[in-house]
Amino acid sequence: MALLEINRDECTGCAACVEVCPFGSLRLDDEDIAVVDETCTACGACLPECPVEALSLPPPPARGGEGGVEEVDLSAYQGVWFWVEQFQGQAGSISWEMAGKGRELADALGTTLTACVLGQGVEHVAQEAICYGADRVLLVDDPTLSVYRTDPYAAVLVDLVQRYKPEVFILGASTRGRDLAGSVATKLRTGLTADCTELTIDPETRLLRQTRPAFGGNIMATILCPHHRPQMATVRHRVFEMPQMDTSRQGQLVRHRPIMGEGEIASKVVDFIVQEGQVNLADAQVIVAGGRGVGGPEGFAPIRELAEVLGGAVGASRSTVDAGWIPYAHQVGQTGRTVRPDLYVACGISGAIQHLAGMKTASCIVAINTDPEAPIFQVAHYGIVGDLFQVVPALAQQFRQRLHK
Amino acid sequence: MHAIVCIKQVPDTTEVKVNPETGTLIREGVPSIINPFDTYAIEEALRLREKFSGRVTVVSMGPPQAEDALREAIAMGADEAILLSDRAFAGADTLATAYTLAEAIRRIGDYDLVICGRQAIDGDTGQVGPGIANRLGIPQLTYVSRIRQVDLENKAITVERLVEEGCEVVASTLPAVVTVNKDINQPRYPDFKGVIRSRGVDIPVWDAGVLEGADPAQCGLDGSPTRVVRVFTPPPRQEEAEIIEADTVEKAAALLVERLLGEEVIRNQVFGKNLVSKPRGKSSGPARDQPR
């Protein structure tokens, strides 16, 4: 299935492509000529590396016409949009981080920034959106939207996009944001890039350059959506800076009606359970996390204590979750949550690559581990080699003094 | 009960190591595995079958060697497996992947549930599940930690979804697409009987020709609105960790706290917030409630 074409006459066997392939799909054959296997994903990483231009991929389908891609008049699409995620009338910080980034993108394009606010009794959120940078808010306030549900929310957004035709639409990479974006983009038959950590406008093409980590953060990919609109992306928590609120900002408020009636909606949220000690790892400024070194469920006691002193959340490595010492909601890493706190204190965590994938972009990482060779020290900014059961309580004590608690 | 499970073969990242000098991945000899989240999807389907009887069909889109992943699913206990493999499917992004899988599911037909892992560990998008649901026109229930109830007679399902603020209990209609978290169950290991069966079972390969009615222009690279234009390795961090050493644990802890206080981000964000009662304390981040 490999789509990569290799011109055997041109290939010099320099192996530059072999080295850069993120998927290990290339190798040199017996004649020292590059060959590609079936694992090639046509990502194109190798193309610019080849000094003799021996590599090629099939050209992207021309806009409209061939390839069955519907003709899209790109110039009809204008403006940058973001979805304001709110829970019980309170907007998440990710929403305003997007307002800040969205403002930047809109300014770079010389266009306007629009916020989509859906919910019940959320007019105050619409006002906030303006204060954080939106020029216009599309507000749909209705009992059917009181709690997030995929279908009625997606129906509203699809309708609004079809009416107003934005060129860029960003949503938070939260569980709801990813759930909603996946639905909306499919209905609109447009491209969607998950979990972006960088968004910029290409000054020449005016296209949205969407950069995201892949393969557990070990490689980064920049993705474009050249011929479909809107260009959709979800963005990670706490990557973009929170803008200052400006209560003097003025904006336009446009009200719309919901698309689906209650009778047409297949799903119902029947209950919401907040577990004791439930943490929102995605939003946490401070995370204190425990690994295998905690030794058992009760070993999380000092971790919890330090987290409490710092007003932070409790994280955990996969092995502690798999051992049943702490619920899955706490798991940080590739098969748990990806977090980006200001401070991450890793206690008794060795630092497997899957764990690092979930936390290595934290602003400041502290590692506490008895093993000085533990890989966690390679990503840490500060480390103490020692027993977490001594070090962590001592840290809690020191912080308590500093914080006058 | 008929459950269709969509799985993906991915490189086993537990085997991936990073070259500390170049910061690039060392992939040599990295085996391929079933995407970890997908093993929970298979397990959940098997448990539902045990409860309600019926069958479990596993589908994967990928290169010919993805057949190995399907055989493993059979070894776990799945009844049948189908491989979607064709050059026309290659280079697909999530929109095209979901389209192709949905077309295959339509062709398999007569299902109560489609179960997927919440995301694949190589792409990490979580977009294919919602994509399939939308193409099939059925509800999607993502990030599910527990299936509370399945009522085949009344075509109803109740699940618990893990969201940032807690656990959301959602009731919906069947058929539906469910994507699962890893706290939903503990996947079984294949038993001897399963392994033997998996070796002999015939796994049909469906190409674009088999998916009659599917629009080839919506599959593979042609059907993918997104294009990867650059792939790079993030530069490895140069500076090394400062290891704090002192005679006693207390001194080391005090020294570390001192250092952290010196970090602007910590001082402002962490300490600032906790010192709000002090009149001259620095405020943390944007002041939401303060009018100018």
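Author: Begin with helices. Helices (H or I, at least four residues) and strands (E, at least two) are DSSP runs, numbered from the N terminus. Axes are lines fitted to C-alpha atoms, for helices over the stretch in contact, and angles run from 0 to 180 degrees between N-to-C directions. This is a predicted model, in which local features need pLDDT of at least 70, side-chain atom pairs count only at pLDDT 80 or more, and totals for chains, interfaces and linings use all residues. Residues are numbered from 1 along each chain as its sequence is written, while chains are lettered from A and ligands numbered from 1 in the order in which they are written.

Reader: At what angle do the axes of helix α4 and helix α5 of chain A cross?

Author: Helix α4 (residues 150–164) and helix α5 (residues 175–188) of chain A cross at roughly 45 degrees, and their axes come within 9 Å. Angles under 35 degrees count as roughly parallel, over 145 as roughly antiparallel, 65 to 115 as roughly perpendicular and the rest as oblique. α4(A) and α5(A) are therefore oblique to each other. A crossing is left-handed if the near helix is turned anticlockwise from the far one by less than a right angle, and right-handed if clockwise; that of α4(A) and α5(A) is right-handed.

Reader: Which residues of α4(A) and α5(A) meet?

Author: Two residues are in contact if their C-beta atoms, placed from the backbone, lie within 7 Å. On α4(A) the residues include Y153(A), L157(A) and V161(A), and on α5(A) they include L180(A), V184(A) and L188(A). By class this contact has 8 nonpolar, 2 polar and 2 charged residues. Ala, Val, Leu, Ile, Met, Phe, Trp, Tyr, Cys and Pro count as nonpolar, Asp, Glu, Lys and Arg as charged, and the others, Gly among them, as polar.

Reader: How do I read a sheet, and in what order do its strands stand?

Author: Two strands pair if DSSP finds at least two bridges between them. Here 6 strands form an open sheet with parallel pairing, in the order β19(A)-β18(A)-β20(A)-β21(A)-β22(A)-β15(B). β19 (313–316) of chain A and β15 of chain B are at the edges, each with a single partner strand, so one side of each has no neighbour in the sheet. Helix α10 (residues 388–402) of chain A packs on the sheet, where it touches β20, β21 and β22 of chain A.

Reader: How many bridges join β22 of chain A to β15 of chain B?

Author: Parallel strands β22 (residues 382–385) of chain A and β15 (residues 242–243) of chain B are joined by 2 bridges. In β15(B), I243(B) stands opposite G383(A). Helix α6 of chain B lies across β21 and β22 of chain A together with β15 of chain B, at about 175 degrees to β22(A).

Reader: How many residues of each chain are in contact with the other?

Author: The contact involves 94 residues of chain B and 103 residues of chain A. On the side of chain B, helix α6 (residues 249–262) gives the largest share, 9 residues. That side divides into 46 nonpolar, 25 polar and 23 charged residues.

Reader: What confidence does the predictor give?

Author: The complex has an ipTM of 0.88 and a pTM of 0.88. pLDDT is the predictor's confidence in each residue, from 0 to 100. Chain B averages 88, and 87% of its residues score at least 70. Over residues 275–292 of chain B the pLDDT is below 50. Where pLDDT is low, the predicted coordinates should not be read in detail.
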